[in-house]
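Reader: Before turning to any single feature, could you show me how to read a structure of this kind step by step?

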Amino acid sequence: MFKRYLLLGTAIVTLGIFSDALAQAFRYRDDADIPQWGLSAVERVREEDIMTGFGDGTFKPYQELNRAEALVLILRTKGIDFEDSGRVKNIEFSDVSRGEWFAGAVVEATTRGWIEGFPDGTFRPGKVVNRAEWATLLKRAFELEKEENPGFEDVPEGIWFAEPIFNLAANDLIRERSSRFDPSGPVSRVDAAWTIGQILEKPRLMGESKDNEFSSVNRRDARRTAIKPRDFNPNKQGFDIEKKQLSLDVNPKEEDIILDAIGENWVDFGTIRAKNTLEDRVTLHSLEFKLRFESTNQGPPSSFVMQLKN
């Protein structure tokens with residue numbers, strides 16, 4: 001006779017990987033200047049027509065990003081059409097004319113409240129964006145709310161750019177962690193490409209809340225377990241889903257279970273219940289079971305087949 005206790009594993013789903021090797025497929029004249037950490041991101045933003053090279057065939061990874069360029073990149077990332085000439089009839093800034101390539105982006109971004117002009121009535125599109133301003137733009141454009149204070153020495157709590165930087169930290173949008181953030185430092189094109197590349201890989205930041213891919217394998221050895229989004233790859237999860245979970249509950253039969261290696265009858269081991277509180281459809285690609293027995297005379301049969309019934 002054997003007593004069955006428990007087991008269970010969780011959903012196993014496909015893990016998608018974007019390899020740095022793909023970055024080798026593109027060639028800019030100055031691609032040797034692109035740092036290794038930025039290769040895949042530069043290729044990704046090129047494929048998405050978010051950032052391209054210059055007329056001379058270069059990418060210029062360390063060229064500093066200006067205000068106009070920053071807005072265009074963010075609008076392209078979000079898939080917002082800003083080039084409709086009919087929308088830029090009334091430009092409120094004295095240094096932004098209707099014919100400028102970035103005019104529509106300025107109108108769109110200021111209308112959405114992402115950025116403002118200066119007291120003298122100018123927008124200063126060519127002004128270099130610093131890291132604090134870039135963080136603020138990202139926070140507003142992607143509606144970042146989750147915060148994490150990484151303890152930067154040069155980002156005191158309460159200063160105007162603290163919250164946006166804490167938002168970046170919580171959403172894994174800061175490439176290097178150190179004791180300082182350098183909020184007044186410039187943002188280079190490769191820096192921007194890396195950040196945009198990260199955002200493109202995070203459905204939760206792109207506002208895609210319908211489909212949530214938990215790209216990981218998660219195992220539990222317990223009778224009751226709650227599978228939460230944070231247990232998987234957070235970059236593949238949809239928007240506003242962190243506090244929800246899928247609960248699995250195993251209830252084995254309490255009486256002794258007899259396994260007959262010769263018999264043809266199925267043995268009832270108990271029940272498994274799943275409760276979905278994700279408010280979205282959940283597809284379990286596979287479940288992995290582990291059975292644990294206690295025996296008073298002999299071990300379990302060398303092999304047997306399990307059948308799941310609704």
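Author: Helices (H or I, at least four residues) and strands (E, at least two) are DSSP runs, numbered from the N terminus. On that basis the chain has seven helices and seven strands, which run β-β-α-α-α-α-α-α-α-β-β-β-β-β from the N terminus on. This is a predicted model, in which local features need pLDDT of at least 70 and side-chain atom pairs count only at pLDDT 80 or more, while totals for chains, interfaces and linings use all residues. Residues are numbered from 1 along each chain as its sequence is written, and side-chain values use heavy atoms, with hydrogens and water left out.

Reader: Which residues of the largest nonpolar core touch the most other members?

Author: In soluble globular proteins, nonpolar side chains tend to be buried together. A nonpolar core is a set of buried Ala, Val, Leu, Ile, Met, Phe, Trp, Tyr and Cys residues joined through side-chain atoms within 4.5 Å, where buried means under 20% relative accessible area, exposed over 50% and partly exposed in between (1.4 Å probe, protein chains only). Here L71, I74, W114, W134, V155 and I165 touch the most other members among the 56 residues of the largest core, and α2 (67–77) is one of the helices that each supply at least two residues, giving the most, with seven residues.

Reader: How is W160 classed, buried or exposed?

Author: W160 counts as exposed because its relative accessibility is 53%, whereas F161, at 8%, counts as buried.
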